[in-house]
Amino acid sequence: MQRVACLAALACSSSCIAVQVPEPPVSVQTAEGEVRASNREDAERVAALLVELAPKVREILVETRAEPPQVYVLEWDVPKFGDGSNYDGRILMNGRSRPRERFCLAHELVHWQITGAWELLPHTAQEGLADRVAAQLAPETRVERELMLAYQLQWGSLRDPMDALKLSTREWSGVRNTWDRFSLYGVGYFIVARIGIEDLHAMCAEAKAEERISVLPMELLERARLSPYDVREWKADIDAIVFADPGAIAAWSDEVKRPGEVRATQPR
Ligand SMILES: [Zn+2]
């Protein structure tokens, strides 16, 4: 994890500059927020997705903020942001996120909705929560995402899950290397998968009631019954999640064999 921390520090020292995002001209207003895009087709497509996904995210998280988001669908890609991001008080959907729009918007809506006790969750676990909810609401992406995260935890450079859970939001945004990011997503995702979203919220609510500022990394690992020493020791536990549904793996494998498919999921 040393490598990830260094990358974060270096990247943040050179990149923490506010970016002015131009306002796309076409607006579609919905009860769940406003979507702006460069053309009506994109705006209406994402608006329909927003109307469908926002109530589902609220239902899963239970404790959520009241304000509806403003979503910008960008034609161009902001490399630093991945597929999407919560930035400057709105959700940005990068141009390259379109094949993964459903997963990406669900993930970003979780970040948007997080409030109250959820804010006591370390950022890496918040990312895991966003991915877990998105995988639930975009089930066609789940198998590939889980396989990629499991692979990265087994073969990537990250070893110490405590280091991953101690990273701040600012340090997280500075991690540019894609594979380092997937390692961090993996730590968060499998912790949330092992604990369950309802129990995770109960942990956060308990910590808030005790007037603590954060749920501790060790608490999360103990509750998830995952090794605090080395993520490679998680292999059997992770395999039990990823390969729990052989039918889903087989269906995904058939999809992969089809030419011309665009897959992979990589929101911020
Ligand atoms: Zn995220």
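How many residues lie between strand 1 and strand 2 in their hairpin? There are two.

Before I go on, some ground rules. This is a predicted model, where local features need pLDDT of at least 70, side-chain atom pairs count only at pLDDT 80 or more, and totals for chains, interfaces and linings use all residues. Residues are numbered from 1 along each chain as its sequence is written.

As for confidence, pLDDT is the predictor's confidence in each residue, on a scale from 0 to 100. The chain has a mean pLDDT of 87, with 87% of its residues at 70 or more. Over residues 1-17, the pLDDT is below 50, and that stretch has 26 contacts in the model beyond near neighbours in sequence. Two residues count as in contact if their C-beta atoms, placed from the backbone, lie within 7 Å.

Now the sheet. Strands here are DSSP runs of E with at least two residues, and helices are runs of H or I with at least four, numbered from the N terminus. Strands of a sheet pair through backbone hydrogen bonds, either parallel or antiparallel. For two strands to count as paired, DSSP must find at least two bridges between them.

The sheet is open, with five strands in the order 1-2-3-5-4 and mixed pairing. At its edges are strand 1 (26-30) and strand 4 (84-87), each pairing on one side only. From one strand to the next, the twist averages 20°.

Strand 1 pairs with strand 2 (residues 33-37) in the antiparallel sense, over five bridges. V26 has A37 of strand 2 as its bridge partner, and V28 stands opposite V35 in strand 2.

Next, how the helices pack. Axes are lines fitted to C-alpha atoms, for helices over the stretch in contact, and angles run from 0 to 180 degrees between N-to-C directions. Angles under 35 degrees count as roughly parallel, over 145 as roughly antiparallel, 65 to 115 as roughly perpendicular, and the rest as oblique.

Helix 3 (residues 101-113) packs against helix 4 (residues 123-137) at about 140°, with the axes 8 Å apart. That angle makes helix 3 oblique to helix 4. From helix 3, the contact uses F103, A106, H107, V110 and H111; from helix 4, it uses L129, A130, D131, V133, A134 and L137. By class, those residues are eight nonpolar, two polar and one charged. The classes are simple: Ala, Val, Leu, Ile, Met, Phe, Trp, Tyr, Cys and Pro are nonpolar, Asp, Glu, Lys and Arg are charged, and the others, Gly among them, are polar.

Helix 4 also packs with helix 8 (residues 178-195), at about 70° and with the axes 7 Å apart. These two helices are therefore roughly perpendicular to each other. Residues of helix 4 in this contact include T124, A125 and E127, and those of helix 8 include L184, Y185 and V187. The contact has nine nonpolar, three polar and three charged residues.

Last pair: helix 5 (residues 142-155) and helix 11 (residues 235-242). Their axes come within 10 Å and cross at roughly 170°. Helix 5 and helix 11 are therefore roughly antiparallel to each other. E146, L147, A150, L153 and Q154 of helix 5 meet K235, I238, I241 and V242 of helix 11. That contact divides into six nonpolar, one polar and two charged residues.

That is all from me.
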